[in-house]
Structures are given as structure tokens and as C-alpha cells.
Protein chains: 2
Amino acid sequence: MTTARRPATLDDVARTAGVSRSTASRVIAGTGFASPIARERVRTAVDLLGYRPNAAARALVRGGGVRLLVAVAGTSSAVLDDNYVDQVVSGAARVCAPHGLGVAVQWVPLDTPRRLTELTDDRGVAGLILVNTITPLLDLVPPRLRGRTVSIGIGSAAVPSVDIDNGGGTDAIVRHLYASGRRRIAMVTGPPWLTCSHRSVEAYRGLLRDAGLPTREVVGDFSAARGRAAAREVLRRWPDTDAIVGISDATALGVIGRLRADGVQVPGDIAVTGFDDIPLASVTAPALTTASHPVRAIATAAATVVLEKRPVPTRTLFPSALVRRDSA
Amino acid sequence: MTTARRPATLDDVARTAGVSRSTASRVIAGTGFASPIARERVRTAVDLLGYRPNAAARALVRGGGVRLLVAVAGTSSAVLDDNYVDQVVSGAARVCAPHGLGVAVQWVPLDTPRRLTELTDDRGVAGLILVNTITPLLDLVPPRLRGRTVSIGIGSAAVPSVDIDNGGGTDAIVRHLYASGRRRIAMVTGPPWLTCSHRSVEAYRGLLRDAGLPTREVVGDFSAARGRAAAREVLRRWPDTDAIVGISDATALGVIGRLRADGVQVPGDIAVTGFDDIPLASVTAPALTTASHPVRAIATAAATVVLEKRPVPTRTLFPSALVRRDSA
DNA sequence: GTGAAAGCGCTAACAT
DNA sequence: ATGTTAGCGCTTTCAC
């Protein structure tokens, strides 16, 4: 038990283990050779002294950097005020903690993607998680960070992506709507620039086309406020709509709020669906029919990919499952 | 414009500025003396080269650490799966980013507070933000981190606290209820061990006592599920209840869900209030009457205190304002 | 006011 | 298999 004082250094460990620093370093870092005896003695010394490698020193010599950067693209820095981003950052921070790494989050202006370069020029950046990416951004990832970058959203040849299968989730939702007899189905989409939300829209279009049904699209932005406005627009343009697919749970909640204010019954007159399955989705009235979106698991996977920097598939899709509740 | 390659080091800056490393270091770190001319030349060199100090090297020599640790106390690691924690971590990460620092988050078991010591023994920890603290934890903060620790919740002589004025918020809520004619007011509290939630309960008790009204308390845990169960319990124990104060918005939503399932009108039969003013509070049906809780601002303040490590008041309370909507 | 020199704690050749 | 030797990039006495 360390009595008090200065945390133990590698030197202390080596000394008490009766080996050289190099040997101690090898067994601790798990790199290079070491005899079983040496290994054992070092191990003992380590937890006798309560030794914890100094992340800064390690990063300095290896040039590995000391924090994971979560770079979020968007039109304003307000993109950072988002529960989705919070979850990604927090999830990554959780994975990083045991590795002696931290997480930082910064906004990358959509119209000035090269701002990303300033961020990644910093030697302290050990890895990069891109959120809400667009292609120009992907191409700006510096060679130094190759293999240590992952995108939550669309990827590229050089940047693997980890994402939700929103196409599949939307597919399940629209099928459910269709199966329940809905035929005049509208959709409140995400912002057009956000490439990864296109898959949802495409799933919606594909299904309706196959069914010989016309599409009814209104642009949204994931927020409840836009959901409200979108609902009004849908009602105005297509008064006979019998279902509205929201791009997010917040959107759906906004839609429902607006509909109710207009005296429209949900799901009686119009069925409404969300996407995300936020914790509150089961508590609202009516409880939301939606599709799951395991953001936390995705963030964890993304951070893990960056930390372990071992080869990964270009694209990992987390399944999205239909969650049937009362709103549709 | 740096053309490509290896990021500039302090040596590069010194060389192009025609001064010694020491001088360059002084002007960049803003420490020590330097002639205006030297200062100027270094400045120029810095942005000519796009120089960014290497956080790891800096941390190594100064022993300052390289990441902020958010330590969250709780009964299980599930405390980390919480929107509140997410916001704190994300907010802190945002503040840290420009300083070349990262954020890590870890759980501290409530029954093994000394686990905190293992975390803070790490030289990489530049500062500490305690969340959901209890007194034993406060006393475990090592001297090394004095002045670089802040608690979101209760504090101590050695650890300043930054927190929400939940006493004030609850006060406003209960007064509002009373003013609307409610007299049989129940409360769903937070977990008893969580000291900082006591202030809410005390405000509730104080007001009711002053009004000569009996208290009706049920233990909750901030979750909607507990809110549901608590609502049932309230109804069973005090069937004539006409208002329920929830310790959080999620709690209130759970309460409302349960009440509605039982055919109870909200706010007609029973008024229900939350606490937090989450984004969805205005979208639910009925829209939630609640008290604001600027978690993000609090997290930002906490991280700032830690980073700037300048003397701060022992206790900073962020005001909580009543937000009147439809549920009460 | 400025520079020379000595590390911070660790890893990675390079011997041995 | 293990030890010796250089640094990684920066800050900071300590002389000048």
C-alpha cells in the first residue's frame, strides 16, 4: 500500500522488482520479451507500489497523443447542445478513462471544413471521432490519424464508419404503418446536408414507390419545434394524411403536440412514429412507436475502434428495431 | 501556412523567431519576462508555423496532468447512463478542448469511496469534478488536487461546490401549488443518500410546515419508472392528494403516466410538477410545469473553475426558476 | 532580458 | 532475455 507521497514511477517499480527500467517497461506495456520470473516480479512491484503509468510521458515519447477528439460538423456551435452528441462524448469518455485518455469535443463549421485541420494539427489528439460527417470532411483527416479515426455516420475508403442502420429501422416503421392500413404516409426528414439521414428517406421512398404510393416529404431538423411546424405543413399540403413518420422522437413529439392542438387524434386519425427510442418515449401520451437507436453502444464501439486501432470493417451497422407502442 | 508534415515544435518557433527556446517558451506560456520585440517575433513565428504546444510534453514537465476526471458516485455503474452525467461530461469536454485537455468519466461505488483514490493517484488527472458527492468522498480528494477539484452538489471546506439552487426551485414550485389552491401536496423525493437532493425535500417540508400542512413523502430515484410506482403509492396512502411534486421531470412524467392510467385528471384532479425543464417538458401532454436546471451552465462553470484554478467562493448556486406550463 | 542546461517519466533502438 | 543509451517537447532554475 503506497503510504502517501509522490506516485510511483517506472523507476521505482524497476528498482523494487530488481530489474532495469526497460524490462519493467516491456512487461508493463506488454511489448517485447521478458522472462516469466521478471514478469512476475514486475507485476508484484506494480501493485505493491500502486503504480500507474504516466499518460503524459507515454504520449510524449510515443507521439500518440493524449485525448480523443469528437468533432461535430454543423451549421452552428449549437450542434454541441445536443443529447446525441452528449451521449457520444460521454460514452467515449467512459471507454477512454481506463486507458488514461481523455475526450474533447469541438464544433466544425459546415462551411469551413478546413477548420478541422487546425484541430487535428494538435499533437495531443490521439484519435478522432467524426459526427454528422460530410464527405469533404472525411478527406481532410490527416495521414497521422489514419487508422485512428472513425466516423459515426458516413465513412470513406480511409475512414471506417460505425452507424445505426436507419434505413432498416425506417423500413420496419413504414412497413408497420402499411400493415396497419395506413396508405397516405408523410415523412418529416432530417436536414438535407446530413448525408447519413438520407438512408431513412430512401427507405421511406423505396417502400412507398414499391407500394405504388406517393411520397409526402417535409424537411425537419430533429427538433420538436420543427416537428410542430412540419405537422402544420403536412396538414396544409395533404389534409388526408393518415400517418407521419418523424426522423426522431423529438420530431414525433412535436408533431403529436401540434396535431393534438388541432384536435387531431393520434393514432386514431393520424399515426405518428419517431426514431431513437429515447427513455421518455415510453412515458409520453400516447407512448411512442419508434425504432431503437443504441447511441451509447455506437459511441462505445467507435471509441474502441479508435483506441485499439486494429483493422476494422469499413462499415459497421448497428441494427435498429421497431418498438411498437401506442402512437402508431 | 504550414505546408504539410510534422507539426511545429517550440524549437522551430524559437529558430524562426531568432530567439532561444527559453524565450519562446516564456512568451508563449505567458510566464516570465520578455522584451516587446522578442514577444512580437515569437508571436509572428507562432502563427506563421501554426504552432500548437504539445499538451503531453507540457503536462510531463509541469506535472499538471492531461485530463479532467469526472467522478460520479452511485450504487452501480449505471449512474453513468444518465443524461445528467452526459451533459456534465460533454460540457466539461467543450471547455477543456481549447486548453488541450480531455475529459474522462468514471464511476465511484458508493460503498467503496476509497476507489476514488485509485483514480486520483493517476498523475494524468489534471483536475476533478465530483458528481453526486457524499461527504466521505470529499475528504478523499488528495492534496495534489486541492484547488483543482470542484463538486457539483455538496462541497466542503476544501472543495468548492457549484450547484443548482434546488431549494429555491422547489420553494417556487410548492408556493405555486399552494397559490393555486392545492393543500394536500405529496412529494416524490430523490434517493436518501444523495445529500444535495435534501435541499429540495427540506424546502418542501419547510413550506408545508409553515402552512400547517402535513407532508406526504415517497422515496424516488429520478427515474420515470420510480415515478410511476411512487404515484401508485401516493394514491394508496393518501387518496385525497391534490398535487404531486416530482424530484425530476422524468419522475413527474412517470407520475403523470400512472395517474392517467388510473383515470386521474392532470392537473384537474391532481397537479404534477417536475424539476429540470428538460427540452421535452414543453412537448409532453400536458406540458410540464417545472423548475429550470441549467446543467450545462453548471458543468461549464465547474470545468472553468478547475481549469483556471483561481480562488472561488466555497459555494456557487445557480438559480432555478419556476416554469409554468399546464401540468400544475 | 535572455540563453544554457537539466530534467519530467517513459519507450525504443541498440547492444550485450 | 535484459540492460544501456538516447531522446520525445517542453518548462524552469540559474548564470550571464
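How much area is buried between chain A and chain B? About 4000 Å² is buried, and carbon and sulfur atoms give 58% of that area; buried area is the accessible area (1.4 Å probe) that two parts lose on being put together, summed over both.

This is a predicted model, where local features need pLDDT of at least 70 and side-chain atom pairs need 80 or more, while totals for chains, interfaces and linings use all residues. Side-chain values use heavy atoms, without hydrogens or water, residues are numbered from 1 along each chain, and chains are lettered from A in the order written.

**View 1. Chain A meets chain B.** Here, 48 residues of chain A are in contact (heavy atoms within 4.5 Å) with 48 residues of chain B. Eight salt bridges link the two chains; each has a side-chain nitrogen of Lys or Arg within 4 Å of a carboxyl oxygen of Asp or Glu.

**View 2. A salt bridge up close.** Look for the side chains of A:Arg296 and B:Asp86, which meet at 2.5 Å, N to O.

**View 3. Around DNA strand D.** Of the DNA atoms within 4 Å of the protein, 55% belong to sugar or phosphate and the rest to bases.

**View 4. Reaching bases and phosphate.** A side-chain N or O atom of B:Arg21 is 2.9 Å from a base nitrogen of DNA strand D. A polar backbone atom of A:Val61 lies 3.3 Å from a base oxygen. For B:Tyr51, a side-chain N or O atom is 2.4 Å from a phosphate oxygen.

Definitions and conventions
Near = heavy atom within 4 Å. Polar contact = N/O pair within 3.5 Å; in protein donor to acceptor, adjacent residues only side chain to side chain.
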